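Visitor: I am new to protein structures and would like to learn how to read one. Could we walk through it together, feature by feature?

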Amino acid sequence: MKTKLASTPYDWLDRSLDSIHKANWHRSTQTITSKAGTIAKVNGREMLMFASNNYLGLAGDRRLIEAAIAATEKYGTGTTGSRLVTGHLALHEELELAIADLKNTEAALVFSSGYLANLGTISAIVGQRDLIVGDAYNHSCLKKGAVMSGAMAIDYQHGSLADLSAKLQAHRSKYRRCLITTDSVFSMDGDLAPLREIMNLAATYDCMVLVDEAHGTGVFGDRGGGVTNALGLGADLIQVGTLSKALGSLGGYVAGSAKLIDYLRNRAATWIYTTGLSPADTGAAIAAIEIVKSESSLRQQLWQNVAMVKQGLQALGIPAIAFDSPIVAIEVGDIATTMAQSQYLRDRGIFAPAIRPPTVPTARIRITLMATHTPSQIQTLLQYLGLAEQEAKPKR
Ligand SMILES: *Cc1c(COP(=O)(O)O)cnc(C)c1O
């Protein structure tokens, strides 16, 4: 008689993976075997990179590599402990001063990632008696941070001041503290939050504001200080960001008042109970901030590339959600058409992925531009986007 194979406590994994596959939501990794830049070797094949967050090309910059090596030579590879015990280096202080200067704030604190900076900050500054009102398109870490905090979390319609205002009007008075959260540059759409108007509403309703500058830092502002700096905002808000996008390193930060930073050093669990940022990442980030502040030519090149893509797409009659940032989300049609065009581009050596529901409400090809893309690389992109429009038809 056949006996049924014994079940294990992990059998649910098969069922869950099955349903992920059936929904067509399964994702896997693409292996890169080259240095960060505009050309990447992906799964053994050279491709033009239009999908990285390396906006200024700094992740492959010789000066960052040398700074990472120098920091490693001086301090070693690991920081050996949490910042409050053995893991606090003079190098971290130097980086935090540089970030505060870049962001025009009194102080800053670096975390092991931008994700952890948001989780730790949000859950430290609001709790069960408080309210969070966040843009519906906010990044995952703002949403998870809200859940972790235990506060009442409400979304407002993407970019809608009318809805934000209505939500504050309806709910603010029932709670102790209130925090408004928003990305400054939205990662999947590339449009900008109306920060100045949000600050005005925050003042009216006595709310704190946390702005995630992950895609803004290094890209906006005269010295690369971000959208907040470009708008002259700084003092009365909490700025979070990452060292891993335009700054080409790894890690996250919070910038704000000295009191806020002192408080976070005592209350942000994702900072207190984790190992200090590695010397290599810290050194590279310091070098990046120096470059970002002093070399506005990199930003000029980046914005020229954005303008070139805007012109090219308009000439082709291909609509994009926005041209406000180096993230250009192209809406080519329904999901099947978007997938077919993305595959067409991939087959021709262009790395520009399709992003589709449920990650975003509408399917799009998401392109990110770099300062180091050459005009001819951008022409190639535009040429294939035009051809894809004519030739790439979905399989029916
Ligand atoms: C990438 C990103 C983060 C996370 O930053 P990491 O340093 O990669 O953890 C946070 N917020 C936004 C809006 C992002 O795009």
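Predicted model: local features only at pLDDT ≥ 70, side-chain atom pairs only at ≥ 80, totals over all residues.

Visitor: Which of the 14 residues around the ligand come nearest?

Guide: Gly114, Asp212, His215, Thr242 and Lys245 come nearest, out of the 14 residues around the ligand. For three of them we can look at single atoms.

Visitor: What part of Gly114 lies 2.7 Å from an oxygen atom of the ligand?

Guide: A backbone N or O atom of Gly114 does. With Asp212, a polar side-chain atom lies 2.5 Å from a nitrogen atom of the ligand. His215 also uses a polar side-chain atom, placed 2.6 Å from a ligand oxygen atom.

Visitor: Now the helices, please. How do I describe the way H2 and H11 pack?

Guide: Start with the angle and the distance between the axes. Helix H2 (residues 62-75) and helix H11 (residues 279-294) pack at about 140 degrees, and their axes are 7 Å apart. Angles over 145 degrees count as roughly antiparallel and 65 to 115 as roughly perpendicular, so H2 and H11 are oblique to each other. Their crossing is right-handed.

Visitor: Which residues of H2 and H11 meet?

Guide: From H2 there are Arg63, Leu64, Ala67, Ala68, Ala71, Thr72 and Tyr75, and they meet Pro279, Ala280, Gly283, Ala284, Ala287, Ala288 and Ile291 in H11. Sorted by class, this contact of H2 with H11 has 11 nonpolar, 2 polar and 1 charged residues.

Visitor: At what angle do the axes of H3 and H11 cross?

Guide: The axes of helix H3 (residues 90-103) and H11 cross at roughly 30 degrees and come within 9 Å. Angles under 35 degrees count as roughly parallel, so H3 is roughly parallel to H11. The crossing of H3 and H11 is left-handed. Among the H3 residues making the contact are Leu91, Leu95, Ala98 and Leu102, and those of H11 include Thr282, Ile286 and Ile289. By class, the contact of H3 with H11 has 10 nonpolar, 3 polar and 3 charged residues.

Visitor: Let me try the next pair. How are H6 and H7 placed relative to each other?

Guide: Use the angle again: the axes of helix H6 (residues 161-171) and helix H7 (residues 195-204) cross at roughly 15 degrees and come within 11 Å. H6 and H7 are therefore roughly parallel to each other. H6 passes H7 in a right-handed crossing. Leu161, Leu164, Ser165 and Leu168 in H6 meet Glu197, Ile198 and Leu201 in H7, a contact with 5 nonpolar, 1 polar and 1 charged residues.

Visitor: What about the backbone itself? Which residues does a cis peptide bond join?

Guide: The angle to read here is omega. A cis peptide bond joins Pro357 and Pro358, with omega at about 10 degrees. Pro358 lies in the loop between strand S12 (354-355) and strand S13 (364-368).

Visitor: And is phi of Thr80 positive or negative?

Guide: Phi of Thr80 is positive, near 70 degrees, in a residue other than glycine. You will find Thr80 in the loop between H2 and H3.

Definitions and conventions:
Residues numbered from 1 in each chain as written. Heavy atoms only, no water. Axes fitted to C-alpha atoms, helices over the stretch in contact; angles between N-to-C directions. Helix = DSSP H or I, 4+ residues; strand = E, 2+ residues; numbered from the N terminus. Left-handed = near helix turned anticlockwise from the far one by under 90°. Contact = heavy atoms within 4.5 Å. Nonpolar A, V, L, I, M, F, W, Y, C, P; charged D, E, K, R; others polar. Near = heavy atom within 4 Å. Polar contact = N/O pair within 3.5 Å; in protein donor to acceptor, adjacent residues only side chain to side chain.
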